[in-house]
Amino acid sequence: QVHLVESGGGLVQAGGSLRLSCAVSGIIYRINDMEWYRQAPGTQRDLVATITRGGTTNYADSVKGRFTISRDNAKKAVYLQMNSLKPEDTAVYHCYANIRASAWENALDYWGQGIQVTVSS
């Protein structure tokens with residue numbers, strides 16, 4: 001059974017920083033793309049950042065220059081360093097991973113339960 005668990009959220013003042021972590025547990029053959037999404041109340045879930053297995057990254061325009069996604073394949077983890085936080089960054093942040101559990105299975109999509117990030121003005 002594969003699980004993704006986020007940590008590192010919380011309350012921070014505008015201009016501050018937080019670092020989110022997402023750990024993958026379970027028997028894993030290969031982790032492909034890993035991503036962070038966020039969802040504010042009453043809105044859809046939006047893609048924040050993507051990192052491929054090889055380390056190529058992409059960001060939403062709203063976070064470019066402020067957020068950095070990284071991963072540690074050996075630790076089966078993905079991180080999101082968030083700097084210069086703004087009140088509009090307030091949301092529940094979810095990690096996502098495309099994971100192949102064994103060599104004879106297709107890759108599937110997995111999601112964490114989400115973690116709250118609140119930025120006060």
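1. Arg66 and Asp89 are joined by a salt bridge, with their closest N and O atoms 2.7 Å apart; the term stands for a side-chain nitrogen of Lys or Arg within 4 Å of a carboxyl oxygen of Asp or Glu. The two residues belong to distant parts of the chain, 23 residues apart: Arg66 sits in the loop between strand 6 (57-59) and strand 7 (67-72), Asp89 in the loop between strand 8 and strand 9. Strands here are DSSP runs (E, at least two residues), numbered from the N terminus. Arg66 counts as buried at 11% relative accessibility. Buried means under 20% relative accessible area, exposed over 50%, and partly exposed in between (1.4 Å probe, protein chains only).

2. On provenance: the model is predicted, so local features need pLDDT of at least 70 and side-chain atom pairs count only at pLDDT 80 or more, while totals for chains, interfaces and linings use all residues. Residues are numbered from 1 along each chain as its sequence is written, and side-chain values use heavy atoms, with hydrogens and water left out.

3. Asp89 also meets Arg38 in a salt bridge between their side chains (2.9 Å, N to O). This pair again links distant parts of the chain, 51 residues apart, with Asp89 in the loop between strand 8 (77-82) and strand 9 (91-100) and Arg38 in strand 4 (residues 30-39). Asp89 is buried, at a relative accessible area of 1%, and Arg38 is buried too, at 13%. Salt bridges with shared partners place Arg38, Arg66 and Asp89 in one network. As background, side chains of opposite charge can pair when their charged atoms come close.

4. How many salt bridges does a search of the whole structure find? The search returns three. One of them is formed by Asp61 and Lys64, whose closest N and O atoms are 3.1 Å apart. Asp61 is exposed, with a relative accessible area of 66%.

5. Leaving aside neighbours within four places in sequence, Tyr59 is in contact with Val48, Ala49, Lys64, Phe67, Thr68 and Ile69, where contact means heavy atoms within 4.5 Å. A polar atom of the Tyr59 side chain lies 2.9 Å from the backbone nitrogen of Ile69. Tyr59 is partly exposed, with a relative accessible area of 22%.

6. Strand 7 runs antiparallel to strand 8, and six bridges join them; two strands pair if DSSP finds at least two bridges between them. Asp72 has Ala77 in strand 8 as its bridge partner. The two strands, strand 7 and strand 8, form a hairpin with four residues between them, and Lys76 in the turn has a positive phi of about 55 degrees.

7. Asp46 belongs to strand 5 (residues 46-51) and is partly exposed at 34% relative accessibility. Apart from neighbours within four places in sequence, Asp46 is in contact with Trp36, Tyr37 and Arg38. The side chains of Asp46 and Gln44 make a polar contact (3.1 Å). That term covers a pair of N or O atoms within 3.5 Å; within protein, one must be able to donate a hydrogen and the other to accept it, and residues adjacent in sequence count only if both atoms are side-chain atoms.
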